[in-house]
Amino acid sequence: MTIGLTGASGNLGRLTVEEPLTGGVSADQIVAVVRDPAKVTDLADRGVQVRQADYASPAGWREALDGVDRLLLVSGSGPGASQSHKTVIDAAVEAGVGHISYTSILNADTTNNPLAPEHHATEQLIQASGIPFAILRNAWYHELFTRLIPQHLATGEIVDAVGEAQISGAARADLAAAAAVVLASGGSENRIYELGGTAFTMNEFARELSATSGQSITHRALNDDDFAAHLEATGVDGGMAAFMTQNDASLRAGEMYTDSTDLADLVGRLLRPLAVSVRQGL
């Protein structure tokens, strides 16, 4: 069986391709599709089949997916992403791919998160393709929060419009491990997985960062208007400020929370705690 994945040079793709490599899958049975093969020469050196294709262009996708039995479509981003994904899905149909997995967003069919429409549209395209599928609805990575640690340490506070909502964040490595399990094994035909870790609030995140760093970090929760104004005052342009405010409003509404145990069930081990991700982010 040959497994393939797109976006193999990205953060999630890199981690996902490492799972079967270290788990005993022969490297020549892995197809890594990337925009720039020069970024994954190390994978090629290890025997992985590296093929070039770009979400922005239909050219090359049919050839890139030739011989792939099971495919992981790692989502692109931005306006029109679903149409780029459609190019890959259509090529997968032509190439006779037997199963396709897709990295979506938690609660994609009900959330008001600004990223959700492109994800949900892609889910519908996959379901209409006739290819057996698995939808991997990922919660926010821990790393989306920990990458801002230097800013929090510099200001002594975390400012957002999330309020006291529960967020089922998870380490990127755990979500990659789950994706690899679905990619390399059967039993996931026409399944939708809601993938989240142990929930936390931003107050809890601030307390964890304070305890780990030894510096007092507070959480300041604003309303939408005040948060947008705060962002613009710090140099964020109006469009991005509106996007970030809408994202926080979605989190505040509980739309980045799930009580599903799908992630832990797929990974088959304890998930990485937030404390570990915070420590690694320092």
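Contact is taken to mean heavy atoms within 4.5 Å, and helices are DSSP runs (H or I, at least four residues) numbered from the N terminus. The structure is a predicted model, in which local features need pLDDT of at least 70 and side-chain atom pairs count only at pLDDT 80 or more, while totals for chains, interfaces and linings use all residues. Residues are numbered from 1 along each chain as its sequence is written, and side-chain values use heavy atoms, with hydrogens and water left out.

On these terms, Ala81, Ser82, His85, Lys86, Ile89 and Val93 of helix α4 meet Glu118, Ala121, Thr122, Leu125, Ile126 and Ser129 of helix α5. The residues of this contact comprise six nonpolar, four polar and two charged, where Ala, Val, Leu, Ile, Met, Phe, Trp, Tyr, Cys and Pro count as nonpolar, Asp, Glu, Lys and Arg as charged, and the others, Gly among them, as polar. Helix α4 (residues 81-95) packs on helix α5 (residues 116-129) at an angle of about 20°, the axes lying 9 Å apart; axes are lines fitted to C-alpha atoms, for helices over the stretch in contact, and angles run from 0 to 180 degrees between N-to-C directions. The two helices α4 and α5 are therefore roughly parallel, given that angles under 35 degrees count as roughly parallel, over 145 as roughly antiparallel, 65 to 115 as roughly perpendicular and the rest as oblique.

Helices α10 (residues 224-233) and α11 (residues 238-252) have axes that come within 9 Å and cross at roughly 140°, and α10 and α11 are therefore oblique to each other. Asp224, Phe227, Ala228, Leu231 and Glu232 from α10 meet Gly238, Ala241, Met244, Thr245, Asp248, Ala249 and Arg252 from α11, a contact with six nonpolar, two polar and four charged residues.

For helix α9 (residues 202-213) and helix α13 (residues 274-281), the packing angle is about 55° and the axes are 10 Å apart, which makes α9 oblique to α13. Phe205, Glu208, Leu209 and Thr212 in α9 meet Leu274, Ala275, Val278 and Arg279 in α13, and by class this contact has five nonpolar, one polar and two charged residues.

The second largest pocket holds about 220 Å³ of space. A pocket is an open set of points on a 1 Å grid over the protein atoms alone, where a 1.4 Å probe fits, with protein on both sides within 12 Å along at least five of seven lines, and lining residues have an atom within 4 Å of a point. Of the 15 residues that line this second largest pocket, Gly197, Thr198, Ala199, Leu271 and Arg272 are the closest to its centre.

How values were computed. Points joined across faces, edges and corners; volume = space filled by probe spheres on them.
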